[in-house]
Amino acid sequence: MRILTVLLIISSLGSLAKPINLKDQIYNDSLFLRLLNEFNFQDLSTTSLNRLNAGKKLDSVLHFGLKNGWGENNFENGKNLPKGVLYAKSSDNKIHTFTWAVPLEKGNYQFFGQLLLKKRNKVRVQGLCSISDFNEFDALTQKKWPGGLIYYLQTNHFRRKSQYLALTFRPHGDSVQMKTIEPIIIGSNNIYFGAAIFQIKKFNDQHFIKPPNRLILRYSSNVTSSIRSGSNNLEIFIDRLGPMRSNLKNNYVDYGPTLSTDILIFKRGKWLIK
């Protein structure tokens, strides 16, 4: 009976041409979790359009379930997540992120995200609408999210205020990949991405005339690169990159690790290169 119910709900979701009303269709967390795993947005045997539709359906169902409180305990420590969905949470338990990437054509991806926000006894769920074109200085919101896979949420404190950074990966199969260090600011109505908290004049061969709102590590799709948190969340270790064959600066399709490391340190509310 449960399997039949899941199939009927999936059928009712259709092509997402119209808004979905799930209120009367998903009535418990068990059905919610079962339904989440029905949307195979990574299936390379089907078309990119079918994968994209699966990603959109997952987005709608996950948003609905989180708003109804079914995600708070079900996803702790990454349990019960649908295949391909990445989960991260801040150390103070106030921000929980769910992100995934739908593979499209020519190495491109479409990114999706949901934020579960907790403050005192209130819970808020915010969907994210990704964009593909952004730079180090753009001031963005949930309506224009610099999308990617959030694999770590870093929490720091300065003058009794919390600061959050999302370490994010934007894969690409054929062109430049990116890892970003993205400040997140929780407003009363909006989620803001980017903040001038980096006292840095040069990064990955980019020179800045003013503090950037985010740091972007660009590199070849043929290599891997690392941005990772250090001890006590007061440091961030970043692979130093450079041209591998061309010797051309800023030709990021040819950038790869140099076996050296840059270290960001948190000092008086700002991030500096050590």
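Q: Which strands each supply at least two residues of the lining of the largest pocket?
A: This is a predicted model. In it, β3 (109-119), β4 (122-131) and β8 (161-170) each give at least two residues to that lining.

Q: Which of them gives the largest share?
A: β3 does, with three residues.

Q: How much space lies in the largest pocket?
A: About 410 Å³. The lining has 14 residues, and the closest to the pocket centre are Leu-117, Lys-118, Lys-119, Arg-124 and Ile-186.

Q: How do the lining residues of the largest pocket divide into nonpolar, polar and charged?
A: Six are charged, four are polar and four are nonpolar.

Q: OK, next pocket. What volume does the second largest pocket have?
A: About 300 Å³. Its lining also comes to 14 residues, with Asn-108, Tyr-109, Phe-111, Ser-132 and Arg-170 closest to the centre.

Q: Which strands each supply at least two residues there?
A: β3 and β4. β3 gives the most to this lining, three residues.

Q: And how does the lining of the second largest pocket divide by residue type?
A: Seven nonpolar, five polar and two charged. For the largest pocket it was four nonpolar, four polar and six charged.

Q: Which residues line the largest cavity?
A: Trp-145, Pro-146, Ile-150, Ala-166, Thr-168, Thr-180, Glu-182 and Phe-193. β6 (145-146), β8 and β9 (177-186) are the elements that give two or more residues to this lining.

Q: How does the cavity lining divide into nonpolar, polar and charged?
A: Five nonpolar, two polar and one charged.

Q: Does Tyr-164 count as buried or exposed, and why?
A: Buried, because its relative accessibility is 9% and the cut-off for buried is under 20%.

Q: What is Tyr-164 in contact with, leaving aside its neighbours within four places in sequence?
A: Ser-90, Asp-92, Lys-94, Ile-95, Gln-154, Thr-155, Glu-182, Pro-183 and Ile-184. Glu-182 also lines the largest cavity.

Q: What separates the C-alpha atoms of Tyr-164 and Pro-183?
A: 5.7 Å. Along the chain the two residues are 19 apart.

Q: Let's zoom out. How many helices and strands does the protein chain have?
A: Four helices and 17 strands.

Q: What share of the residues counts as buried?
A: 48% of the 274 residues.

Q: And the contacts with a separation of 6 or more: what share comes from residues 24 or more positions apart?
A: 54% in the protein chain.

Q: Now the sheet with β14 in it. What is the strand order there?
A: β14-β15-β16-β17. It is an open sheet of four strands, and the pairing is antiparallel.

Q: Which strands stand at the edges?
A: β14 (227-229) and β17 (270-273). Each has a single partner strand, so one side of each has no neighbour in the sheet.

Q: By how many degrees are neighbouring strands of this sheet turned against each other?
A: 30° on average, with direction ignored.

Q: Walk me through the pairs. How many bridges join β14 and β15?
A: Three, with β15 covering residues 235-243. Ile-227 has Ile-238 in β15 as its bridge partner.

Q: What sits between those two strands in the hairpin?
A: Five residues. In this hairpin Asn-232 takes a positive phi near 60°.

Q: And over how many bridges do β15 and β16 pair?
A: Nine, again in the antiparallel sense. Ile-236 stands opposite Leu-264 in β16.

Q: Last pair. How many bridges join β16 to β17?
A: Four, and the two strands run antiparallel. β16 spans residues 255-267. Ile-265 is placed opposite Leu-272 in β17.

Notes. Residues are numbered from 1 along each chain as its sequence is written. This is a predicted model: local features need pLDDT of at least 70, side-chain atom pairs count only at pLDDT 80 or more; totals for chains, interfaces and linings use all residues. Side-chain values use heavy atoms; hydrogens and water are left out. On a 1 Å grid over the protein atoms alone, a cavity is a set of points where a 1.4 Å probe fits but cannot get out, and a pocket is an open set with protein on both sides within 12 Å along at least five of seven lines; lining residues have an atom within 4 Å of a point. Grid points are joined across faces, edges and corners, and a volume is the space filled by probe spheres set on the points. Ala, Val, Leu, Ile, Met, Phe, Trp, Tyr, Cys and Pro count as nonpolar, Asp, Glu, Lys and Arg as charged, and the others, Gly among them, as polar. Two strands pair if DSSP finds at least two bridges between them. Axes are lines fitted to C-alpha atoms, for helices over the stretch in contact, and angles run from 0 to 180 degrees between N-to-C directions. Buried means under 20% relative accessible area, exposed over 50%, partly exposed in between (1.4 Å probe, protein chains only). Contact means heavy atoms within 4.5 Å.
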